[in-house]
Amino acid sequence: MATSRAAAILLAKELRLEFRTRELLTTTVIFALVVVVLFSFAFEPTAAESRRYGPGLLWIAFLFAGSLMLNPSFAREQSNETLDALRMAPIAPFAILLGKMLANFVFLAVAEAILVPVFAVLYNVSFSGVAGRLILVLGLGTLGLVITGTVFSAISAHARMRELLLPLLLLPILTPLLIASVEATASLLAEQPELDRTWVAFLAGFDIVFLTASWLMCDYLLEE
Amino acid sequence: MPASESALTQRSAISSEAEQIALGEPRANSQPSERGPAGNSIGITFENVEKRFGSLVALRNISLGVRGGEFVALLGANGAGKTTLLRMAAQLVKPTSGNVAVTGTTSKSEDARRFIGFVGHSTFLYDEMSAEENLNLFAQLYGLGDYRGDVGNALTACGLSSRAGSLVRTFSRGMRQRLAIARALLHGPRLLLLDEPAAGLDRQGLAWFGSTLERLRAEGCTIVMSTHARNESLDLATRAVSLAGGRIERDSGIDGDPAELLAELRSAQGGEA
């Protein structure tokens with residue numbers, strides 16, 4: 001079976017499970033909202049201050065929410081050893097990883113779609129006129145986050161202290177992605193908004209490198 | 001009524017729908033290449049296999065060839081290595097040294113998995129999905145074309161058609177086990193690996209399971225079943241292999257009679273069967 005077809009079947013399974021339990025989305029959205037609201041109390045969110053600190057706060061919220069959401073991604077396959085059932089199926093191991101990545105991307109994108117308007121109101125910033133470019137930056141940044149996070153979720157799923165292990169492994173690796181995402185977002189919030197193509201290219205490169213690496217290593221990632 | 005007679009009566013009286021709807025039967029619309037050579041059974045060989053988990057040696061120097069169509073009863077106490085051996089056969093665990101190969105098919109590893117069915121200690125089912133959704137998912141992953149009819153038949157055969165839309169988390173242990181067996185047989189495997197498959201099954205479930213095994217054996221499906229308890233289905237075995245401490249302790253052989261080993265198992269358990 002083609003990897004894309006198997007990944008689509010698994011994506012549908014993930015969406016079905018999530019929209020039935022709402023475990024990941026609810027916690028992720030609430031956590032990210034709490035972070036954004038708390039930060040808004042920490043300093044005076046004038047337009048100038050928000051342009052300076054806003055992108056960093058926004059991406060920190062995404063990052064923390066993402067690491068919270070990615071943790072159970074593989075861990076919840078352990079209750080009935082369903083990951084083994086997927087590994088026994090005649091599909092490419094990368095399809096399992098890809099299905100998870102796509103699902104995590106959808107979940108985080110939904111969380112961001114709720115969070116960004118709230119952020120714009122609380123921090124007195126406007127994304128009108130740059131919406132398309134912002135979606136590009138959010139898309140590339142989120143993709144990098146979920147590719148890396150899904151891989152580390154698979155690695156840490158068997159660990160006893162996985163809740164602690166995932167952020168410890170993930171956050172340092174994501175530092176370059178965080179810097180690039182913040183810089184690209186900041187360029188869109190400037191008084192004269194202009195997308196910084198260097199950082200966008202960096203984000204695209206990051207995504208390609210980590211997606212290729214996960215494809216090459218997926219056999220080992222999913223092994224016991 | 002003696003227990004064995006009662007069980008036999010139950011087996012013969014098993015619901016007619018389960019008899020008529022043969023679960024795990026090779027699919028009529030599947031290509032010959034999907035079912036091993038000429039639709040026949042496939043086997044498995046272990047050559048000098050050793051498996052370590054850290055400092056623990058789970059399997060030591062295992063060499064075993066299971067021929068197509070054999071029904072091998074894998075016996076041994078807890079910790080003897082039965083589960084590790086079966087998980088290795090299911091390609092879930094790689095040996096530390098030695099080779100494991102599925103024979104009778106030239107398919108590469110990924111495709112060879114379509115010939116294998118495995119019932120393990122866990123159910124391999126999603127609790128938050130219904131029985132039907134679980135079977136639909138695995139039917140799709142195994143590439144079954146028009147799978148809805150197969151899924152319906154599987155649910156009827158295992159006696160869960162009335163609960164097809166219920167979430168698995170609402171099922172009893174026995175119902176989950178029946179569904180787990182149905183999941184393993186859905187794609188018509190030619191090599192069936194069973195690890196304590198009767199756990200949690202009630203008498204009706206045992207009767208259904210026994211008749212299913214009988215039919216699969218008659219069709220030439222290779223079966224390797226582990227148990228440390230007396231199980232009526234063991235009477236179907238054509239060979240018995242006992243493990244102890246990760247080694248093969250005794251093997252009745254390909255053309256041998258497993259009766260002696262099985263009788264020892266029976267007497268070791270106080271003749272409870």
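Tutor: Helix α8 of chain B covers residues 203–218, helices being DSSP runs of H or I with at least four residues, numbered from the N terminus. The expected span is 1.5 Å times one less than the number of residues, and α8(B), with 16 residues, reaches 22 Å from its first C-alpha to its last, close to the 22 Å expected. This is a predicted model, in which local features need pLDDT of at least 70 and side-chain atom pairs count only at pLDDT 80 or more, while totals for chains, interfaces and linings use all residues. Residues are numbered from 1 along each chain as its sequence is written, with chains lettered from A and ligands numbered from 1 in the order in which they are written.

Student: Which residues of α8(B) are buried?
Tutor: A residue is buried if 20 or more other C-beta atoms, placed from the backbone, lie within 10 Å of its own. In α8(B) the buried residues include B:Trp208, B:Phe209 and B:Arg217.

Student: What follows α8(B)?
Tutor: After α8(B) comes B:Gly220, whose phi is positive, near 95°.

Student: How many residues does the largest nonpolar core have?
Tutor: In soluble globular proteins, nonpolar side chains tend to be buried together. A nonpolar core is a set of buried Ala, Val, Leu, Ile, Met, Phe, Trp, Tyr and Cys residues joined through C-beta atoms within 7 Å; the largest here has 147 residues, and B:Leu179, B:Ala182 and B:Leu193 have the most contacts inside it. Helix α5 of chain A, residues 93–122, gives the largest share of this core, 12 residues.

Terms used: A residue is buried if 20 or more other C-beta atoms lie within 10 Å of its own, exposed if 12 or fewer, and partly exposed in between; C-beta atoms are placed from the backbone. Helices (H or I, at least four residues) and strands (E, at least two) are DSSP runs, numbered from the N terminus.
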